[in-house]
Amino acid sequence: MTRSLFALTLALALSACQTETPEPAPSTDATPEASGAVASGSVSVSDPFVTATPAGGTGGVFMTLTGGAMPDTLVDARSTIAERVEVHETYDAGDGLRGMRLVESGIPVGVGETVRLAPGGYHVMLLGLADELAVGDTLEMEAVFARAGAVQVRVPVVTLDRVREAM
């Protein structure tokens, strides 16, 4: 009994001597940054944009994804402004033709890797727009990652000139 009481007293005394408070684990919630970028524990989204498009039309959202400390995959995107939102890629259909198709396996983003969603490559497709996307507006969208989950992205609506610059 004396030995058990001594061990308990020693354990309590040692725990009372702890001078550092453990830091909380980093949050994986996305937080907007001053640069317009959005970050999570495994990926960051920067420089998003979409071109002006009439209601009922189809638009493409472009952005840059940068891998963090852990790899991740863009698996989906969501917005209430369109009937459907899909992650697409442009591909060579042969004979000088190009096509677009759904990326079913997602877009992988490795540790520290930069992946550009740009005209002629990967992009997020907005199909059946409910409202016009006018220059100066901002589109609210979620980029959904396998690891980070849904990341809120504010996408500015720009002129077609911005797309030409990104090519």
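**Strand residues and a loop residue in a predicted model**

T90 is placed in strand 6, which covers residues 82-94. Helices (H or I, at least four residues) and strands (E, at least two) are DSSP runs, numbered from the N terminus. The model is a predicted one, in which local features need pLDDT of at least 70 and side-chain atom pairs count only at pLDDT 80 or more, while totals for chains, interfaces and linings use all residues. Residues are numbered from 1 along each chain as its sequence is written, and side-chain values use heavy atoms, with hydrogens and water left out.

The protein chain contains two helices and 12 strands. From the N terminus on, the order of these elements is α-β-β-β-β-β-β-β-β-β-β-β-β-α. The chain has 167 residues, of which 38% count as buried; buried means under 20% relative accessible area, exposed over 50%, and partly exposed in between (1.4 Å probe, protein chains only). The accessible surface of the chain comes to about 10000 Å², and carbon and sulfur atoms account for 55% of this surface. Accessible areas come from the Shrake-Rupley method with a 1.4 Å probe; for residues, only the protein chains shown count as cover. Of the contacts (heavy atoms within 4.5 Å) between residues at least 6 apart in sequence, 64% join residues at least 24 apart.

T90 counts as buried because its relative accessibility is 19%. Beyond its neighbours within four places in sequence, T90 is in contact with R98, G99, M100, G120, G121 and H123. V87 also lies in strand 6 and is buried, with a relative accessible area of 3%. When residues up to four places away in sequence are not counted, V87 touches L74, V75, D76, A77, R101, L102, V103, I107 and H123. V87 and L126 are 39 residues apart along the chain, and their C-alpha atoms are separated by 9.2 Å.

T64 belongs to strand 4 (residues 58-67). A relative accessible area of 15% is the reason why T64 is classed as buried. Apart from neighbours within four places in sequence, the contacts of T64 are with S44, V45, S46, T114, V115 and R116.

P54 is located in the loop between strand 3 (43-51) and strand 4. This residue is exposed, because its relative accessible area is 55%. With residues up to four places away in sequence not counted, P54 touches L129 and E132. The C-alpha atoms of P54 and A134 are 7.9 Å apart in space, although the two residues are 80 residues apart in sequence.
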